[in-house]
Amino acid sequence: MSKPTIDLLPTSALINEDRSPLIIAGPCSAESEEQVMETARLIKEVPGVTVYRAGIWKPRTRPNSFEGIGVPGLKWLKRVKQETGLKVACEVANTAQVFEALKAGIDILWIGARTTVNPFTVQEIADALRGVDIPVLVKNPVNPDLQLWLGAIERLNQAGLKQLGGIHRGFSTFDNAPYRNMPKWNSAIEFKRLVPELPLICDPSHIAGNRELLQPIAQRAMDLAFEGLMIETHVDPSVALSDASQQVTPADLKKLLASLRFSKVDPETEDDHYQLEEMRRNIDQLDKELMEVFARRARLSRKIGEYKKEHNMAILQVKRWDQILEDILEKANKEGLDEKFVRSIFQTVHHYSINIQTEIVNGKADA
Ligand SMILES: O=C(O)C(=O)C[C@]1(C(=O)O)C=C[C@@H](O)C=C1
């Protein structure tokens, strides 16, 4: 996947000056003025939180559930801003909502996962924001499609928005257990590799779907050098009108944040990392050796492919493959390597070998 160029401001409301993680907290939905204000007063006391979030319009899967308080809730967010000094953020999903949010002086907007999937809507939102200098966070689309996610960010950027960021809220797949949305950390890592300049915030609440998993997910995000966290926080989650099981109290948010290990992002800025450099050179050497071994294996597979063609033999030799895998896993076990890891590598290697031979035998690779 080619790396897109996103033109961002060097400083933005989405990046803390000291590069500490941006912490966004607040209820899933604004429900009443009292709930919004009470939650905000308590969140204000949680160290690290600088942005208050609340859903004003809620895209619900089924009708007849709470779909958000709508425009009146914006006034409450304005009050939060005035009385606590926290920045305020809400989701927008169409142009009418964009205009209302801008009118109310909302500081940060975000685009939800169900909106990111639709380039028409994203383009309409981008057009509505043309010429407005407001930070916008874009949640990943529901499906694990990085191009769609990047495309939404590019649309906003091309409309002149230069304070942008992503929110990783997990992906909906066939089997999400034990999560509400699969984190697919590899996709997040690939996203970071493609747009390293773009701040990436993790939303453990929507990945987890329950309070219990929040801490390990948030820790993983910090270990993967995410630039921030968005955590749904409600003064009393037991009576929340939406997503009750994934919200925490401000007191629990404080405990959760205090439990996290925040590591230094870029060790290369330090002078004294000879040992690390030495180990990295060794890793680079091993990777080179792995490549050479893969190349030798591929050449052998090609030769076997030619032999199979000549002797009209089937490409897949299932007994042999079964034996190879069994031997490899036994060896992996002895070496103390994770079986799942080794199995998936060798399945990929075998699949590649089958493709090489298919091209030789049939003149084209399979899917
Ligand atoms: O042993 C063979 O017949 C091979 O072609 C090698 C190989 C492999 O790459 O491991 C490839 C295809 C077969 O299904 C089994 C094994």
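Two residues count as being in contact here if their C-beta atoms, placed from the backbone, lie within 7 Å. Keep in mind that this is a predicted model.

**Close-up 1. Asp107 and the residues it touches.**
By that rule, and leaving out residues up to four places away in sequence, Asp107 touches Ala13, Lys87, Val88 and Ala89. You'll find Asp107 in the loop that runs between α3 (95–103) and β4 (108–111). Now look for Val51: it sits 56 residues from Asp107 in sequence, yet the two are 9.0 Å apart in space, C-alpha to C-alpha.

**Close-up 2. Helices α12 and α13 packing against each other.**
Here α12 (residues 318–334) packs with α13 (residues 339–362) at an angle of about 145 degrees, and their axes are 10 Å apart. The crossing is right-handed. On the α12 side, the contact is made by Trp321, Leu325, Ile328, Leu329, Ala332 and Asn333, which meet Glu339, Val342, Arg343, Phe346 and His350 of α13. Sort the residues of this contact by type and you get seven nonpolar, two polar and two charged.

**Close-up 3. The shell around the ligand.**
Which residues surround the ligand? They are Ser301, Ile304, Leu316, Gln317, Arg320, Trp321, Ile324, His350, Ser353 and Ile354. Three helices, α11 (274–310), α12 and α13, each give two or more residues to this shell. By type, the shell has five nonpolar residues, four polar ones and one charged. Spot Trp321 and His350 again: both belong to the shell, and both also take part in the contact between α12 and α13.

How values were computed: Residues numbered from 1 in each chain as written. Predicted model: local features only at pLDDT ≥ 70, side-chain atom pairs only at ≥ 80, totals over all residues. Axes fitted to C-alpha atoms, helices over the stretch in contact; angles between N-to-C directions. Helix = DSSP H or I, 4+ residues; strand = E, 2+ residues; numbered from the N terminus. Left-handed = near helix turned anticlockwise from the far one by under 90°. Nonpolar A, V, L, I, M, F, W, Y, C, P; charged D, E, K, R; others polar. Near = placed C-beta within 6 Å.
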